[in-house]
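Please keep the viewer open as you read.

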Amino acid sequence: MITRSVDALVIGGGSAGLAAALELREGGATVAVVEREPFLGGILLQCIHSGFGLHEFGEDLTGPEYAERFIRPALAAGIEIYLDATVTEIGEIPAGGEGARTVIALSRGMGVIRFTARAVVLAMGCRERNRGNVAIAGTRPAGVFTAGLAQRLVNIEGYVPGKSAVIIGSGDIGLIMARRLTLVGCEVRAVVEIQSWPSGNARNIAQCLNDHSIPLHLGHVVTRIEGRDRVEAVRVAPLSPEGEAMSERELRIPCDTVLLSVGLIPENELSRAAGVPINEGTGGPWVDADYMTGARGIFACGNVLHVHDLVDFVTEEARLCAAQAAQFLAGSPAEASLRVTAGANVRSIVPNACVPGRQTVFTLRSLVVKNDARLIVRVGGQEVRARRLSHVQPSEMIRFVMKAGEITASAAGPASAAGPAPMAGSPSATGPAVEVSLR
């Protein structure tokens with residue numbers, strides 16, 4: 001068994017993990033990164049399209065180019081890198097609430113690695129929903145892929161998955177793959193979306209579907225996948241206003257390939273096993289104003305916390321998280337915080353607490369599709385911020401910054417301001433101090 005002791009252990013070597021590790025290392029901490037793949041960079045390495053880095057670097061980069069901006073500095077900074085290694089266990093913190101956690105990782109090349117770390121940063125990213133998650137009827141022929149797997153096959157392995165395809169769901173990876181398959185000679189016959197609005201960004205709808213004349217069927221459901229040995233067709237029906245499939249208007253679309261782009265799920269099995277409370281709205285951990293989860297010394301950032309639209313904002317969040325983890329390592333006392341909750345028409349918001357007087361970057365997801373919406377922030381029932389948004393929809397993340405001083409403890413009332421707030425969603429939570437809503 002190999003044993004290593006570090007100040008901070010980062011689990012995941014993608015965009016979030018590398019940005020967090022660099023921030024911690026620049027602050028003087030000893031840092032190790034554990035990555036289950038045999039290379040750093042995560043999913044970025046198979047994203048050969050451009051569109052990355054516009055916010056972070058002011059440049060239009062491909063995924064591998066963006067990843068390289070962090071891989072090279074990480075290798076040069078003295079960060080310990082453990083590749084092809086999977087974390088299987090995050091131990092309990094010692095009695096008394098102080099000291100280092102034990103983290104166990106398994107590696108084919110090194111065997112069992114036992115880390116001790118005073119802080120752990122969760123940066124495992126997310127995974128795709130599969131056919132079992134959406135329960136599509138039919139047989140189980142060859143030719144059914146998740147969009148991310150198809151992306152890897154085409155961009156990394158050099159295989160074209162089929163000659164004609166239907167994409168189920170209009171998530172961003174599926175939209176990008178509609179264009180990619182078209183460019184490599186596979187005819188994309190339709191993109192089918194169960195909602196009445198697209199799940200992906202408007203930019204990808206325009207560039208990946210409209211520019212290539214690929215049909216988008218909104219408010220439709222795939223009722224069956226046909227085929228015995230290989231996919232032969234999919235059956236698609238529009239939904240009635242009551243949400244029922246209208247079988248009398250069913251379409252049969254011949255194809256030999258089906259791609260599933262039906263959503264992403266934060267990768268949190270390890271988090272749950274470590275006793276980290278999970279936020280039902282995001283699928284990721286609850287985090288306080290310092291991006292610390294409900295388990296002391298364990299922090300979370302990036303797509304393992306909540307699924308992002310842009311990798312640039314993953315990087316920003318990872319740096320914010322790592323800066324607070326560095327404060328934790330330095331022994332800085334916890335500051336009094338106010339609970340933050342999702343109000344009307346808001347599915348989720350991160351972080352789940354804020355410190356009065358400190359600038360906070362919030363990101364949220366809408367529950368509604370609406371033009372000319374108002375984003376409203378209330379503290380203790382008192383409105384402190386109102387901002388107009390030209391358009392909101394569930395597929396697009398809303399990001400806003402509350403400047404230092406905009407949220408004050410006095411506005412929330414003396415009871416809410418007394419000491420750090422309990423972890424949102426915990427049994428001790430009594431009511432919201434800060435509420436964010438959409439009208």
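F57 is partly exposed, with a relative accessible area of 27% (buried means under 20%, exposed over 50% and partly exposed in between, with a 1.4 Å probe and protein chains only). This is a predicted model, in which local features need pLDDT of at least 70 and side-chain atom pairs count only at pLDDT 80 or more, while totals for chains, interfaces and linings use all residues. Residues are numbered from 1 along each chain as its sequence is written, and side-chain values use heavy atoms, with hydrogens and water left out.

**Ring pairs**

- Rings of Phe, Tyr and Trp (its six-membered ring) pair if their centres lie within 6.5 Å; planes under 30 degrees apart count as stacked, over 60 as edge-to-face and the rest as tilted.
- The count by this rule is six aromatic pairs.
- One of them is the tilted pair of F57 and F70, at 5.9 Å centre to centre and 55 degrees between the planes.
- F57 lies in the loop between strand 3 (50-52) and strand 4 (61-62), and F70 in helix 2 (residues 63-76), so this pair ties together parts that are 13 residues apart in sequence. Helices (H or I, at least four residues) and strands (E, at least two) are DSSP runs, numbered from the N terminus.
- F70 is buried, with a relative accessible area of 5%.
- F299 and F328 make an edge-to-face pair, 5.7 Å centre to centre with 70 degrees between the planes.
- Because F299 lies in strand 19 (residues 298-300) and F328 in helix 8 (residues 311-329), the pair ties together parts that are 29 residues apart in sequence.
- F299 is buried at 0% relative accessibility, and F328 is buried with a relative accessible area of 17%.
- F57, Y66 and F70 are linked into a cluster by ring pairs.

**Charges over rings**

- The charged end of R69 sits over the ring of F57, 4.9 Å from its centre (NZ of Lys or CZ of Arg within 6 Å of the ring centre and within 35 degrees of the ring normal).
- The ring of F313 has the charged end of R399 over it, 4.7 Å from its centre.

- Three strands form an open sheet in the order 14-15-16, with antiparallel pairing (two strands pair if DSSP finds at least two bridges between them).
- Strand 14 (220-226) and strand 16 (251-254) stand at the edges, each with a single partner strand, so one side of each is left without a neighbour in the sheet.
- Strand 15 (residues 233-238) pairs with strand 16 in the antiparallel sense over four bridges, and R235 stands opposite R252 in strand 16.
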